[in-house]
Amino acid sequence: MALLKALVVFTGIFLAVYFYSAGDVFEPAMLKGKRVIVTGASSGIGEQMAYHLAKMGSHILITARTEEKLKKVVAQCTHLGAASAHYIAGSMDTMTFAKLVVHKAENLFGGLDMLILNHIGHTYFGYFDGNIDHVRDLLEINVLSYATMTVAALPMLKKSNGNVVVVSSVAGKIGLPLTVPYSTTKFALDGFFSSLRMEFIQQNIDVSITLCIISYIDTDSALKTVSGVIQQPAAPKEECALEIIKGGALRKREVYYQYHATKIPLLLRDWAPELLQSLLLKNYNMDNFQRKEV
Ligand SMILES: NC(=O)C1=CN([C@@H]2O[C@H](COP(=O)(O)OP(=O)(O)OC[C@H]3O[C@@H](n4cnc5c(N)ncnc54)[C@H](OP(=O)(O)O)[C@@H]3O)[C@@H](O)[C@H]2O)C=CC1
Ligand SMILES: C[C@H](CCC(=O)NCCS(=O)(=O)O)[C@H]1CC[C@H]2[C@@H]3C(=O)C[C@@H]4C[C@H](O)CC[C@]4(C)[C@H]3CC[C@]12C
């Protein structure tokens, strides 16, 4: 009898979870005709997100500093079926440009449905060198430009009940060596956007904020920067890009990619931090690390 009761309870829980998450089925058609900004889209994950959105029939505005690369990405987006594809070149080290990107989308599209904040400034992969000015500069590019664009886009996103997608990293949830400035900026994103999400809920603002926690990805810049030191295999940028878009379209609070390299360490972070620390440090081959003199 007890077994039957346990079976009934388990079945009830399973069905509740199944039907609660039933709305979590992604369809590419969700992005058809949607108006999307993708920053940092001249290469890497951002470039791949632009291509996925193009195949789904979105209106796309991409941005980065390198105009020649942006032109090629826009041409490929058009070829892949984008409803429209445009670019604006400039640096996110000035908030004037950050706002300009949003205003260009308003002029082009008359509104905005999804803001994908993905760009990052150049930094080193090495022991912290004490340069606080570099940390400040990176905060401008990796954090304050994200906040600036969100503020500028919010009137449009409120009208469309749109989404803000923030591309972060496992470095934004767990402290790890060799990325102090970068990790500082990614942790800041969590503080800013996770707090903002709670305020949106309190104020009944139906704009979703999706924070993406990403592990090592096989972009050219990442492979060039860390290969040989990080022992785990890098995950495919194409799949990573699609998972980010899916998470935004489904209005997820957070996206974890790759799941085993992000969510599992996060579970350990709070329950067994010393175990996590020793496991993660095993992931570094410091024999291949070229120490730069401070
Ligand atoms: N690759 C990885 O292992 C991981 C990446 N991530 C995150 O994914 C996102 C993309 O990373 P990834 O694709 O590897 O990076 P890439 O280096 O491939 O791309 C970075 C993009 O940002 C642009 N960019 C660089 N500096 C500036 C600037 N000052 N102003 C505006 N745009 C700029 C670059 O274009 P341009 O030089 O033309 O300006 C490029 O388009 C980042 O947020 C990163 O933190 C998270 C976890 C792991
Ligand atoms: C070092 C990268 C910072 C951006 C950069 O300057 N790239 C070089 C651009 S260049 O081509 O112009 O030289 C970091 C970007 C993504 C980081 C990785 C990441 O976020 C996941 C892991 C997080 C962990 O804390 C450390 C290892 C990571 C693989 C991390 C390594 C540094 C990045 C590649």
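Look at ligand 1 in this predicted model, and start with one of its nitrogen atoms: this atom sits 3.2 Å from a polar backbone atom of Ile120. Ligand 1 also has oxygen atoms to follow. An oxygen of ligand 1 lies 2.8 Å from an N or O atom in the side chain of Ser42, and an oxygen of ligand 1 is 2.8 Å from an N or O atom in the side chain of Thr219. How much of ligand 1 does the protein bury? Taken alone, ligand 1 exposes 880 Å², and the protein buries 90% of that.

Now widen the view to the residues around ligand 1. There are 29 of them, and those that come nearest are Ser42, Arg65, Thr66, Asn118 and Tyr182. Sorted by class, this shell has 13 nonpolar, 14 polar and two charged residues. Several helices take part: H2 (44-55), H5, H6 (180-202) and H7 each supply at least two residues of the shell.

Let us move on to ligand 2. Its surroundings consist of 19 residues, and the closest are His122, Thr123, Ser169, Leu176 and Tyr182. Three of these names return when you look at the oxygen atoms of ligand 2. An oxygen is 2.8 Å from an N or O atom in the side chain of Ser169, and an oxygen is 2.9 Å from a polar backbone atom of Thr123. For His122, an N or O atom of the side chain is 3.4 Å from an oxygen of ligand 2. Taken alone, ligand 2 exposes 700 Å², of which the protein buries 83%.

Which helix gives the largest share of the shell around ligand 2? That is H7 (residues 220-226), with five residues. By class, the shell around ligand 2 has 11 nonpolar, seven polar and one charged residues.

Finally, trace helix H5, one of the helices that supply residues to the shell around ligand 1. Before you follow the helix along, find Asn131, which caps its N-terminal end: a side-chain oxygen of Asn131 lies 3.0 Å from the backbone nitrogen of Asp133. Helix H5 covers residues 132-160, which is 29 residues, so at 1.5 Å a residue it should span 42 Å; its end C-alpha atoms are 40 Å apart, which agrees. Further along, H5 bends by about 55° at Leu154, and a proline, Pro155, follows within four residues. After H5 comes Asn161, whose phi is positive, near 50°.

How values were computed
Residues are numbered from 1 along each chain as its sequence is written. Chains are lettered from A and ligands numbered from 1 in the order in which they are written. This is a predicted model: local features need pLDDT of at least 70, side-chain atom pairs count only at pLDDT 80 or more; totals for chains, interfaces and linings use all residues. Side-chain values use heavy atoms; hydrogens and water are left out. A residue is near a molecule or strand if one of its heavy atoms lies within 4 Å of it. A polar contact is a pair of N or O atoms within 3.5 Å; within protein, one must be able to donate a hydrogen and the other to accept it, and residues adjacent in sequence count only if both atoms are side-chain atoms. Accessible areas come from the Shrake-Rupley method with a 1.4 Å probe; for residues, only the protein chains shown count as cover. Ala, Val, Leu, Ile, Met, Phe, Trp, Tyr, Cys and Pro count as nonpolar, Asp, Glu, Lys and Arg as charged, and the others, Gly among them, as polar. The expected span of a helix is 1.5 Å times one less than its number of residues. The bend at a residue is the angle between axes fitted to the seven residues ending there and the seven starting there.
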